[in-house]
Amino acid sequence: MTKHSEFYFPSSDGKTSIHAEEWLPEGEIKAVLQIVHGISEYVGRYAPFAEFLNEHGFAVIGHDHLGHGKSVAEGAPMIYFGEEDGWKNVVDDVHKLRLMGGEKFPGVPYFIMGHSMGSFITRTYLIRYPGEVSGAIIMGTGQQSPLLIAGGKLVAKMVGGKGGYDKTSDMVTNLAFGSYNKSFAPARTNFDWLSVNEENVDRYIADPLCGGDATVGLFRDMLGGLSFIRKQENVNKMDKAKPVLFISGDKDPVGDMGKGVKAAYETFKKAGISDLSLKLYPGLRHEILNEREKQEVYDYILGWLEKRI
């Protein structure tokens with residue numbers, strides 16, 4: 001049985017209430033996993049995975065990022081971090097929840113898992129707050145080129161300066177996500193890149209809290225984060241003793257069909273992370289927790305965690 005609850009805490013932006021959820025197992029808690037979700041979604045989508053981990057004695061905790069799910073201030077746009085310091089605030093919110101989780105579950109190993117944009121946030125967190133977790137799972141990640149990042153920043157500055165950073169832009173959306181579906185032509189939907197599992201794609205499209213276009217400001221902030229995490233001198237600041245697992249589908253366009261995942265893995269290897277693993281699932285796309293083979297993924301992550309408690 002799972003005991004599920006929801007709560008709020010103040011964001012680092014000083015004005016937004018952050019919505020959080022926790023899934024607790026019956027009996028003794030042997031470890032905690034904090035989930036950091038991706039863009040245009042929310043942490044509640046991870047409930048089936050959380051309940052699976054509960055069956056094995058893990059507590060699971062997570063929150064909706066600024067501008068996502070139920071973490072949207074009154075009158076604020078969706079999928080927007082804020083006027084300034086957006087990436088910093090989002091990472092600091094992860095740390096706030098980490099401290100709260102540590103107080104609630106003292107004395108047990110505490111892991112973190114970031115998916116997609118959440119993987120970029122988690123990689124930033126590991127650099128800015130080294131040693132704060134027992135280990136990390138980096139899921140659905142990638143490694144964008146400096147040229148692509150620089151070009152994106154230029155477009156965001158041009159579009160945001162003209163129309164506002166709190167607005168969406170077809171040009172920016174196409175630049176950020178437009179290429180993801182090309183490998184799956186002829187595509188059934190605009191989100192075929194998410195999953196081979198059509199039921200998952202359809203649920204995502206039908207969910208009003210999923211699939212919205214990111215604001216120009218969020219795109220700008222994320223590009224800043226991508227620039228930060230690809231620099232080797234920053235990656236070198238992580239705690240070398242904490243284990244890290246890279247896990248993705250090898251047909252995930254966010255990870256350049258595995259090439260970007262391997263590139264990110266190599267920066268961690270070069271930094272000297274002592275316990276570093278890489279797992280690519282043949283044929284799976286972006287949301288490996290929602291593919292038809294999800295039980296295999298669930299079991300692999302569970303095994304990785306249990307070996308590191």
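Which side chains meet in a salt bridge at 2.5 Å, N to O? Select Lys104 and Glu22, whose side chains form this pair (a salt bridge is a side-chain nitrogen of Lys or Arg within 4 Å of a carboxyl oxygen of Asp or Glu). Lys104 lies in helix 2 and Glu22 in strand 2 (residues 17-25), so the pair ties together parts that are 82 residues apart in sequence. Helices (H or I, at least four residues) and strands (E, at least two) are DSSP runs, numbered from the N terminus.

The model is predicted, with local features requiring pLDDT of at least 70 and side-chain atom pairs pLDDT 80 or more, while totals for chains, interfaces and linings use all residues. Residues are numbered from 1 along each chain as its sequence is written, and side-chain values use heavy atoms, with hydrogens and water left out.

Colour the pair by accessibility next: Lys104 is partly exposed, at 46% relative accessible area, whereas Glu22 is buried, at 4%. Buried means under 20% relative accessible area, exposed over 50%, and partly exposed in between (1.4 Å probe, protein chains only).

Lys88 is partly exposed, at 42%; Asp92 is buried, at 10%.

Finally, select Arg45 and Glu287, which form a salt bridge at 2.8 Å, N to O. Arg45 lies in the loop between strand 3 (31-36) and helix 1 (47-54) and Glu287 in the loop between strand 8 (276-281) and helix 10 (294-306), so the pair ties together parts that are 242 residues apart in sequence. Both are buried.
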